[in-house]
Amino acid sequence: MQGWNFPQRLYFFRSAAMSSELDLLALEALGWGPDFGDAYQTFRAALSPGEQQRVTPVRVVGVQRQTFQVRGVDGEQEARLAGASRHSGALTPAIGDWCVLEAASDGSGRLLEVLPRRTTFARALGGEEGKRAGAVRQQVIAANVDLVLIVTSPDLDFDLERLERYVLAVQHSGARPVLVLNKADLHAQADWWVEQLRSLGPDLEIHVTSAQASQEPGSQGLESVRGLLTPGVTLALIGSSGVGKSTLTNALLGRPAAPTGEVRASDQQGRHTTTSRTLYAVPGGGLLIDNPGLRDIAVWDADAAGFEDLEALATQCRFRKCTHTTEPGCAVQAAVRAGEVSAARLAAFQKQSGRRGRR
Ligand SMILES: Nc1nc2c(ncn2[C@@H]2O[C@H](COP(=O)(O)OP(=O)(O)OP(=O)(O)O)[C@@H](O)[C@H]2O)c(=O)[nH]1
Ligand SMILES: [Zn+2]
């Protein structure tokens, strides 16, 4: 299938003689790891022998309203959620999730379970609804992302405070943040900007790219980013509009990432609908999630990105408009004193709450 560069011989061998070792290789190219394997085996062991024959692990590569585009060792297919009856918890797969697929004889697929996530990029759905539920509900935007490129450019977009919030949000998700200064061609000297970025943390990796010129051979900046994409690693890009995320994505994929999706199907009225596949295999290894929800970080950054736990704590403060500084009965300050929340995260949270208050 276009866009996927799994060695065809895997499938050849598979049909000739089923080899679980080769299956494992194919799964690992999709981001599979031992942690998922353990959870999968546990879930599978609880199924009937008949069911055990029909299940396989698959990764969610596209999410539509009712259906999911999933990929496993047998290729890509559409799947729906299994009935709620067999689950205790809510089953809401997100892009990047590993799921247990049950194949029916007619070729259709049902997702039975979402395997525990390695990382979770979530957006808090705060407000009254969240408070009534006693906790802040969250919407998972992307799952099992390993690396996030935080892209900026040496121009009006450059905003260290915003970048710091992005770094915190990425770290909170469990993924590793990597800073990318794109459009390096705009300035003869990128050093000054790189120094600024370095102030965000001595351990943060920084890459300097010129994505537009990347088609030219020897574009070293892009090659160093490409080097991050080892087999099985899942990467995502965030950053505000216009910094060059699409240009970088297309350069990494070696082709346009088809913003409207590439799978076309007809709905009941016969209209063409585009299903959105947003997890791509990168030629040479690695996977890339290009998800509108992630791109919107510029929008949801202003909300509660990465601070679900503190948002939830804040609902327990004595005062509704608590600023978490000197108020009595402040649950957030209590957590800081107890060592459960770092002072640095509190500072970032306060900055963010202040901004929200002014809106
Ligand atoms: N000079 C220069 N321009 C670039 C570079 N990379 C991207 N651009 C240009 O910057 C503009 C925005 O690039 P996009 O890739 O669309 O930016 P984006 O981050 O995807 O923006 P959104 O889709 O709005 O989120 C385009 O006109 C690109 O051609 C670069 O390395 N140097
Ligand atoms: Zn408080």
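**View 1. The whole chain, to get your bearings.** This is a predicted model, in which local features need pLDDT of at least 70 and side-chain atom pairs count only at pLDDT 80 or more, while totals for chains, interfaces and linings use all residues. Residues are numbered from 1 along each chain as its sequence is written, and chains are lettered from A and ligands numbered from 1 in the order in which they are written. The chain holds 14 helices and 15 strands; helices (H or I, at least four residues) and strands (E, at least two) are DSSP runs, numbered from the N terminus. Of the 359 residues in the chain, 38% are buried. A residue is buried if 20 or more other C-beta atoms lie within 10 Å of its own, exposed if 12 or fewer, and partly exposed in between, with C-beta atoms placed from the backbone. Among contacts with a separation of 6 or more, 61% join residues 24 or more positions apart; a contact means that two C-beta atoms, placed from the backbone, lie within 7 Å.

**View 2. Strand E5 and its partners.** Strand E5 (residues 109-114) is mostly covered, with five of its six residues buried. Strand E3 (residues 75-81) pairs with E5 in the parallel sense over three bridges; two strands pair if DSSP finds at least two bridges between them. Look for arginine 80, whose bridge partner in E5 is arginine 110.

**View 3. Asparagine 144 and its backbone angle.** Most residues other than glycine have a negative phi. Asparagine 144 is not a glycine, yet has a positive phi of about 60°. You will find asparagine 144 in the loop between strand E7 (137-143) and strand E8 (147-152). Asparagine 144 counts as buried because 29 other C-beta atoms lie within 10 Å.

**View 4. The annotated site between H12 and H13.** The unreviewed UniProt entry places the feature "binding site" at Cys317, Cys322, His324 and Cys330; UniProt positions are given in the numbering used here, feature names are shortened, and annotations may be inferred rather than shown by experiment. Cysteine 317 sits in the loop between helix H12 (308-314) and helix H13 (331-337), and cysteine 322 is in the loop between H12 and H13 too. Which of these counts as partly exposed? Cysteine 317 does, because it has 19 C-beta neighbours inside 10 Å, whereas cysteine 322 is buried, with 20. Not counting residues up to four places away in sequence, cysteine 317 touches residues including Cys322, His324 and Cys330, and the contacts of cysteine 322 include Cys317 and Cys330. Histidine 324, also in this loop, is buried, with 22 C-beta neighbours inside 10 Å, and has a positive phi of about 60° although it is not a glycine.

**View 5. The shell around ligand 1.** Ligand 1 is surrounded by 16 residues, of which Ser241, Gly244, Lys245, Ser246 and Thr247 are the closest. Helix H9 (residues 245-253) gives the most to this shell, with three residues.

Conventions: A residue is near a molecule or strand if its C-beta atom, placed from the backbone, lies within 6 Å of it.
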